[in-house]
Amino acid sequence: MLQLDHTPPKLRTRRLPTAYDLAKIGFFLFGFPRNAFGSIDVSKECNLRCKHCYFFEQDYQGELSVDQWIEKLEELKRTTSRTENPFFQCTWVGGEPLIRKDLIERGRKYFRHNTVVTNGTIPLPNWPDVHFYISIDGDEETHEHIRNKKGIYKRAMRNIAEHPELEVTIAYCITRQNVHCIEQAVKDWAEAGASRMTFDFYTPIETIVDDAEPLFLPLDERDGVLDRLLELKRVYGEFFILPERVFRLMKSDVCKQVTDNCLFSVKSFALGPDGTQKEKCMMGPKADCDRCGCVVPFYLASLVDRRLIAEDLANEWSLAARRAAQGVVTALLG
Ligand code: SF4
Ligand code: SF4
């Protein structure tokens with residue numbers, strides 16, 4: 001059993017179901033529809049320059065105006081068959097998406113569920129229907145070193161404190177530089193009132209040379225971290241948004257089966273800031289699929305793997321039965 005060097009803080013309990021929560025029964029029964037999930041790069045600009053950023057490794061000359069985006073979304077609506085379900089969920093990314101709030105303000109009305117992935121430095125708009133993800137890459141010192149800017153860890157915390165009505169998930173991209181401080185960050189963000197936390201591993205990008213400060217964590221080392229995350233999940237429960245089966249799919253013995261058949265690449269849309277479809281996924285054409293650590297393909301695979309879903313459900317039911325039995329014994333005794 002995991003020994004923590006801290007007492008887990010009281011966790012926030014009000015959480016909206018995610019688009020994935022709502023979709024998983026449909027996927028389980030009917031398979032994964034094309035274009036149900038996707039991403040839009042809202043802007044080609046960002047107010048930070050992080051060491052691991054894949055975005056600026058892609059070449060974009062321009063970006064569509066808000067009216068051009070609306071035209072594009074209307075056209076997509078006209079030309080896509082209903083069975084493709086293209087307007088279920090959209091993740092608004094960038095660059096920094098909150099630089100162009102006006103686009104998300106109008107564009108999000110086209111999708112049933114919306115997620116905005118921000119670096120947390122810009123005040124969050126009051127959109128209670130949106131899931132916000134703030135990207136955090138370590139404890140305070142490490143995050144600000146990787147992101148090349150002081151003061152942004154506490155700025156992101158203020159953002160959460162100023163908006164208790166909003167759902168904010170912390171997205172932690174695990175690299176060699178921040179693997180040592182995962183537990184500190186988990187504690188910090190649980191205390192700060194974040195709704196949930198999710199984890200990716202850094203995916204190498206062909207043109208990012210990181211010799212001075214290596215970022216990629218080799219797969220055998222990743223296995224050890226995944227075991228640690230599984231132990232932490234047993235303590236932090238639903239604060240960790242990912243079900244156990246997603247961590248298991250990221251293990252080195254099975255991860256290649258998932259990335260060789262990446263559902264994100266074949267079934268989802270990823271539009272660049274100029275409105276063009278990106279290859280091969282939101283990370284662009286230079287991402288290394290064999291060493292992919294993006295959680296999305298693993299999460300999507302977990303939604304259609306019936307054996308793993310059945311195993312997880314069996315675990316959840318047996319836990320619920322044990323808790324119920326414990327309740328009866330406690331009532332009888334006293
Ligand atoms: S905040 Fe995001 S988009 Fe901006 S530089 Fe960092 S990783 Fe890239
Ligand atoms: S890098 Fe990852 S998410 Fe992108 S296409 Fe390859 S496997 Fe899929």
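Predicted model: local features only at pLDDT ≥ 70, side-chain atom pairs only at ≥ 80, totals over all residues.
Residues are numbered from 1 along each chain as its sequence is written, while chains are lettered from A and ligands numbered from 1 in the order in which they are written. Local features need pLDDT of at least 70, side-chain atom pairs count only at pLDDT 80 or more, and totals for chains, interfaces and linings use all residues, with side-chain values resting on heavy atoms and leaving out hydrogens and water.

The protein chain holds twelve helices and seven strands, which are DSSP runs numbered from the N terminus (helices H or I, at least four residues; strands E, at least two). Of its 334 residues, 53% count as buried, that is, under 20% relative accessible area with a 1.4 Å probe, protein chains only.

Helix H7, which covers residues 219-236, reaches 24 Å from its first C-alpha to its last, close to the 26 Å expected at 1.5 Å a residue, where the expected span is 1.5 Å times one less than the number of residues. Among the buried residues of H7 are Arg222, Asp223, Leu226, Leu230 and Tyr236. The buried residues of this helix pack against several elements, including strand S5 (167-174), helix H6 (182-191) and helix H11 (295-304). Just after H7, glycine 237 takes a positive phi of about 55°.

Around ligand 2 stand Thr259, Cys262, Ser265, Cys281, Met283, Ala287, Cys289, Cys292 and Pro297, each with a heavy atom within 4 Å of the ligand.

Terms used. Buried < 20%, exposed > 50% of the residue type's maximum accessible area, 1.4 Å probe, protein only. Contact = heavy atoms within 4.5 Å.
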